[in-house]
Amino acid sequence: MNRKVLYGYQIEDGKLVPQPQEAAVVSRIFALCLEGKFQWEISDILNAEGIQYSPDCPAWTKFKISLTLRNQRYAGADGYPVLIGSETFQSVQTFLQKKWGKHVHRERPVSVLRETLRCPCGGRLKRWFSSVHRPDTLYLRCAECGGEAIIPDAELLAEVERQAAEYTPPAEGGYTPSEDTVRLTNAINRGLERPEHPEDVVALILRGISARYACFEAPAASPDTQRLIREKAYAQAIKYITITAENAVTVTFK
């Protein structure tokens with residue numbers, strides 16, 4: 001079949017007429033939509049049943065489903081034989097407007113992180129679309145090596161949250177232990193070897209932490225990454241996020 005002819009039709013004796021099997025699929029697509037199915041769910045159903053869009057491009061996608069549902073020719077426009085009654089066609093348009101009209105311009109929360117996503121090779125991860133594309137999942141492909149990663153929004157956001165909660169800013173300017181730090185470290189080691197008075201060892205450890213912290217040089221002026229993290233302004237706080245094909249996520253903060 002020549003796919004230049006709209007799905008659902010064929011040329012017979014020089015005339016445009018319905019193609020019975022495909023016309024039935026078109027009717028089913030409209031019915032599934034009115035049942036409340038997402039467009040990607042409808043494409044999944046058709047692909048799972050082995051229903052081809054065309055021999056050269058067999059897979060259905062949510063975009064093909066969307067174009068089908070909005071094509072007025074199925075309701076008789078431009079002289080096409082009617083496959084979908086005008087009442088059903090209009091019901092679908094109303095349904096789609098109510099379901100999607102308010103959300104056309106709303107970004108997913110994960111969208112603010114897209115520019116930070118990186119492949120382990122260092123290349124930028126960019127979005128791509130699969131025939132089984134889920135609306136709550138990122139489909140990513142490296143612009144450099146072509147590696148791919150597929151990760152649910154919730155999984156990525158949860159891992160960023162976890163690593164942000166554990167984030168400790170690195171000290172700048174180097175670390176030089178003081179005499180007090182060395183003395184306390186030796187005392188802590190002796191106390192751990194003979195912990196007759198564990199409360200004294202704990203007190204030494206706390207003093208040792210304070211002494212070691214005091215040995216770091218004051219950091220140079222820089223964005224307050226911890227403040228940004230507290231405010232959950234992750235797009236500003238994150239330098240980049242590395243995602244492997246196995247969905248191992250590593251967040252590098254600024």
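**Reading the sheets, helices and cores**

Reader: In what sense do S4 and strand S5 (residues 137-142) pair, and over how many bridges?

Author: Strands of a sheet pair through backbone hydrogen bonds, either parallel or antiparallel. S4 and S5 pair in the antiparallel sense, over 3 bridges. Two strands are said to pair if DSSP finds at least two bridges between them. Strands are DSSP runs (E, at least two residues) and helices are runs of H or I with at least four, numbered from the N terminus.

Reader: What should I know about the model itself?

Author: This is a predicted model, in which local features need pLDDT of at least 70 and side-chain atom pairs count only at pLDDT 80 or more, while totals for chains, interfaces and linings use all residues. Residues are numbered from 1 along each chain as its sequence is written, and side-chain values use heavy atoms, with hydrogens and water left out.

Reader: Which order do the strands of the sheet with S4 take?

Author: The order is S4-S5-S6, an open sheet of 3 strands with antiparallel pairing. Strand S4 (125-127) and strand S6 (148-152) each have a single partner strand, so one side of each has no neighbour in the sheet. From one strand to the next, the twist averages 35°. Angles run from 0 to 180 degrees between N-to-C directions, with axes fitted to C-alpha atoms (for helices, over the stretch in contact).

Reader: And what is the order in the open sheet with mixed pairing?

Author: There, 3 strands follow the order S3-S7-S8. Strand S3 (117-118) and S8 are the edge strands, each pairing on one side only. Strand S7 (residues 238-243) runs antiparallel to S8, and 5 bridges join the two. Ile238 has Phe253 as its bridge partner, and Ile241 has Val251. In the hairpin of S7 and S8, with 5 residues between the strands, Asn247 takes a positive phi near 70°.

Reader: Which residues of strand S8 are on the covered face, and which on the uncovered one?

Author: In a regular strand the side chains alternate between the two faces of the sheet. In S8 (residues 249-253), the covered face holds Val249, Val251 and Phe253, and the uncovered face holds Thr250 and Thr252.

Reader: Where does helix H5 (residues 153-165) lie?

Author: H5 lies across S5 and S6, at about 85° to S6. H5 also lies across S3, S7 and S8, running at about 50° to S8.

Reader: Which residues of H5 are buried?

Author: They are Asp153, Leu156, Glu159, Val160, Gln163 and Ala164; buried means under 20% relative accessible area, exposed over 50%, and partly exposed in between (1.4 Å probe, protein chains only). Seen down the axis of H5, these buried residues fall within an arc of 140°, so they line one face of the helix. That arc is taken from the directions from the helix axis to the C-beta atoms. On the other side of H5, Ala154 and Ala165 are exposed.

Reader: Which residues of the largest nonpolar core touch the most other members?

Author: In soluble globular proteins, nonpolar side chains tend to be buried together. A nonpolar core here is a set of buried Ala, Val, Leu, Ile, Met, Phe, Trp, Tyr and Cys residues joined through side-chain atoms within 4.5 Å. The largest has 25 residues, and Tyr7, Ile29, Phe30, Leu46, Trp60, Leu69 and Tyr74 touch the most other members. Helix H1 (20-34), helix H2 (39-48), helix H3 (62-70) and helix H4 (86-100) each supply at least two of its residues. H1 gives the largest share, 7 residues. Apart from this core lies another, of 23 residues, among them Val110, Val160, Ala164 and Ile243.

Conventions
Contact means heavy atoms within 4.5 Å.
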